[in-house]
Amino acid sequence: MGHNEVLLSVNGVKATYNHAITALHGVTFTVARGEIVALLGANGAGKTTTLKAVSNLLPAERGLVTEGNILFQGLDVATAKPADLVRSGLVQVLEGRHCFRSLTVEENLVTGGLGRSGGRAEIAAALEKVYAHFPRLKEKRHALSGLTSGGEQQMTAIGRALMSRPRLLVLDEPSMGLAPIVVQDIFRTLRRLNREEGLSILVAEQNSTVALKYADRATILENGAAVLSGDAAELRNRDDVKAFYLGQSPRPAAPNTPILPAIAV
Ligand SMILES: Nc1ncnc2c1ncn2[C@@H]1O[C@H](COP(=O)(O)OP(=O)(O)OP(=O)(O)O)[C@@H](O)[C@H]1O
């Protein structure tokens, strides 16, 4: 598959919260059309902040990109409203599988399609497509989301994002709190969406083992900086990555100890 056309480029991004806390100090990576790119790193490394910067959601949290820029299909995301980014194909599934708990699964999905032009028939067709990828959601379509399992809620959140026809789907920690078998199921579906529909995917994960299994490329963040980027298969085989990110050795005790040598990316 040719991964040439750059869809998203994150260029030397620095970001702060409350004009005080520096959360990112140098994040650079790209997502090409048709790729799955994983953003890896420990708790607090800056994954969520990076994804929020990508969707221009930082201002809502008193956050600010102070240096660098982020281009989605050539558009500087800082100049666009989050809703306009969604319309242009950049759609994010936030951390924590946000569903409307008192709506049914199907009602949740439909809310994702409301911004689409085309009316009922188009929404019905989009729903069927989501159900084809997540048969479990079809079974549960009339259940209240709040009463479905964590995995089903994550699938609903992803399905709702798919309803708004993303070109780039951005996911924050989809594995969080889910059983390993459910996590594999979700990542397999994401890969199928990528391979069959050409959906490009940027996924932040603490679960490096799963992310590196399904991604084409990955970038590792430490303390707010990108320290390593490369082909997922190559990263999986590196001894330092294996030791510190693939669960084959305990993590260093001090949370701020750099665990990979700072490598220019
Ligand atoms: N709303 C906020 N206000 C102030 N500081 C924040 C805020 N959100 C995150 N931070 C700080 O920014 C840094 C990066 O956090 P971030 O949530 O981006 O990391 P993460 O890699 O996504 O971790 P996690 O897996 O916990 O989500 C941390 O030091 C965190 O304490």
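Call a residue buried if 20 or more other C-beta atoms lie within 10 Å of its own. By that count, 42% of the 265 residues in this chain are buried. Keep in mind that we're looking at a predicted model.

Let's take the whole chain before going into parts. It's built from ten helices and ten strands. Its radius of gyration comes out at 18 Å, close to the 18 Å that the globule rule gives for 265 residues, so the chain is as compact as a globular protein of that length. Along the principal axes, the C-alpha atoms fill a box of roughly 55 × 40 × 40 Å. As for how the chain meets itself, take the contacts with a separation of 6 or more: 71% of them join residues 24 or more positions apart.

Now zoom in on helix α3, residues 105-113. Its buried residues are Val 105, Asn 108, Leu 109, Gly 112 and Gly 113. Look down the axis of α3 and these buried residues fall within an arc of 150°, so they line one face of the helix. And what sits over them? The cover for the buried residues of α3 includes α4 (119-133), α5 (135-139) and α6 (150-163).

Last stop, the ligand. It has 13 residues around it, and the closest are Tyr 17, Ala 23, Lys 47, Thr 48 and Thr 49. Strand β2 (21-32) and helix α1 (47-54) each supply at least two residues of this shell, with α1 giving the most, three residues.

Technical notes. Residues are numbered from 1 along each chain as its sequence is written. This is a predicted model: local features need pLDDT of at least 70, side-chain atom pairs count only at pLDDT 80 or more; totals for chains, interfaces and linings use all residues. Helices (H or I, at least four residues) and strands (E, at least two) are DSSP runs, numbered from the N terminus. The radius of gyration is taken over C-alpha atoms; the globule rule is 2.2 Å times the number of residues to the power 0.38. A residue is buried if 20 or more other C-beta atoms lie within 10 Å of its own, exposed if 12 or fewer, and partly exposed in between; C-beta atoms are placed from the backbone. Two residues are in contact if their C-beta atoms, placed from the backbone, lie within 7 Å. The arc is that of the directions from the helix axis to the C-beta atoms. A residue is near a molecule or strand if its C-beta atom, placed from the backbone, lies within 6 Å of it.
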